[in-house]
Amino acid sequence: MTSLEFTDQVQKISYSLKPVAMNLTRDADDAKDLVQETLLKAMLNKDKFKAGTNLKAWLYTIMRNTFINNYNKITKRNSNIDSTEYFQYFNTDENYITHNGATSDFVVTDINEAIANLSADYRTPFMMYYIGYKYLEIAEKLQIPIGTVKNRIHIARKELKDALKVYAPGV
């Protein structure tokens, strides 16, 4: 297949990519971006396409993989914020600043006390996760399955949330 034939066929198929992109992204602008990125990748990698195979399926695969990769990037970016959700705003919240402007030590004391009251099985993986270890790293250091690490961190968060619910009554 010549380069001109390839471009012509991709252009014909590109119209059928838009509804699928819209179904994946659920946003018209994101769908246009996804189709454009798919076509760009197809043109850059046209030497990898084998003549005689299904070009439409190849383009759909590129589009699906591009969508999944973009979704994973967004999810990872947002998960960094989640790792500190429990302690991020305690010292800056106006509710916990005394009338003279000094930051109250009560909240920090209560947090430290709540963490100290966790059993060591839950406290150790929770604190390792809190300081930046990944689940897999914690599992290797503690020599326990990664599912156990996730479960223990989840339970620790739940117990801390219960112990500190006085500070977030609406949650």
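Predicted model: local features only at pLDDT ≥ 70, side-chain atom pairs only at ≥ 80, totals over all residues.
Me: Why is the pair of Phe6 and Phe49 called tilted?

Reply: The planes of the two rings make an angle of 50 degrees, and the centres are 5.9 Å apart. The structure holds six aromatic pairs.

Me: What makes this pair a link between distant parts of the chain?

Reply: Phe6 belongs to helix H1 (residues 3-25), whereas Phe49 sits in the loop between helix H2 (28-44) and H3; the two are 43 residues apart. Together with Trp58 they form one aromatic cluster.

Me: Are Phe6 and Phe49 buried or exposed, and how do you know?

Reply: The relative accessible area of Phe6 is 3%, and that of Phe49 is 10%. Buried means under 20%, so Phe6 is buried and Phe49 is buried too.

Me: Why is the pair of Phe67 and Tyr71 called stacked?

Reply: The planes of Phe67 and Tyr71 stand at 25 degrees, and the ring centres are 6.5 Å apart. Planes under 30 degrees apart count as stacked, so this pair is stacked. Phe67 and Tyr71 are four residues apart in helix H3, which means that about one helical turn separates them. Residues three or four places apart in an α-helix point the same way, because the helix has 3.6 residues a turn. Phe67 is partly exposed, at 23% relative accessible area.

Me: How do you know that Asp8 and Lys12 form a salt bridge?

Reply: The closest N and O atoms of Asp8 and Lys12 are 3.5 Å apart. A salt bridge needs a side-chain nitrogen of Lys or Arg within 4 Å of a carboxyl oxygen of Asp or Glu, so this pair qualifies. Both residues lie in helix H1, four residues apart. Asp8, at 37% relative accessible area, is partly exposed, while Lys12, at 59%, is exposed.

Me: How many salt bridges are found in the whole structure?

Reply: There are two. Besides the bridge of Asp8 and Lys12, the side chains of Glu37 and Lys41 meet at 3.8 Å, N to O. Glu37 and Lys41 are four residues apart in helix H2. Glu37, at 30% relative accessibility, is partly exposed, and Lys41, at 29%, is partly exposed as well.

Me: Why are the buried residues of H5 said to line one face of the helix?

Reply: Pro125, Phe126, Met128 and Tyr129 are the buried residues of helix H5 (residues 120-130). Viewed down the axis of H5, these residues fall within an arc of 165 degrees, and so they line one face. They pack against helix H4 (106-117), helix H6 (135-142) and helix H7 (146-163). Thr124 also lies in H5, but is partly exposed at 33% relative accessibility.

Me: What makes up the largest nonpolar core, and which residues have the most contacts inside it?

Reply: This core has 17 residues, and Phe126, Ile138, Val149, Ile153 and Leu160 have the most contacts inside it. H4, H5, H6 and H7 each give two or more residues to this core. Apart from it lies another core, of 15 residues, including Leu17, Ala21, Phe49 and Leu55.

Definitions and conventions. Residues numbered from 1 in each chain as written. Heavy atoms only, no water. Buried < 20%, exposed > 50% of the residue type's maximum accessible area, 1.4 Å probe, protein only. Arc of directions from axis to C-beta. Contact = heavy atoms within 4.5 Å. Core = buried A, V, L, I, M, F, W, Y, C linked by side-chain atoms within 4.5 Å. Phe/Tyr/Trp six-rings, centres within 6.5 Å; stacked < 30°, edge-to-face > 60°.
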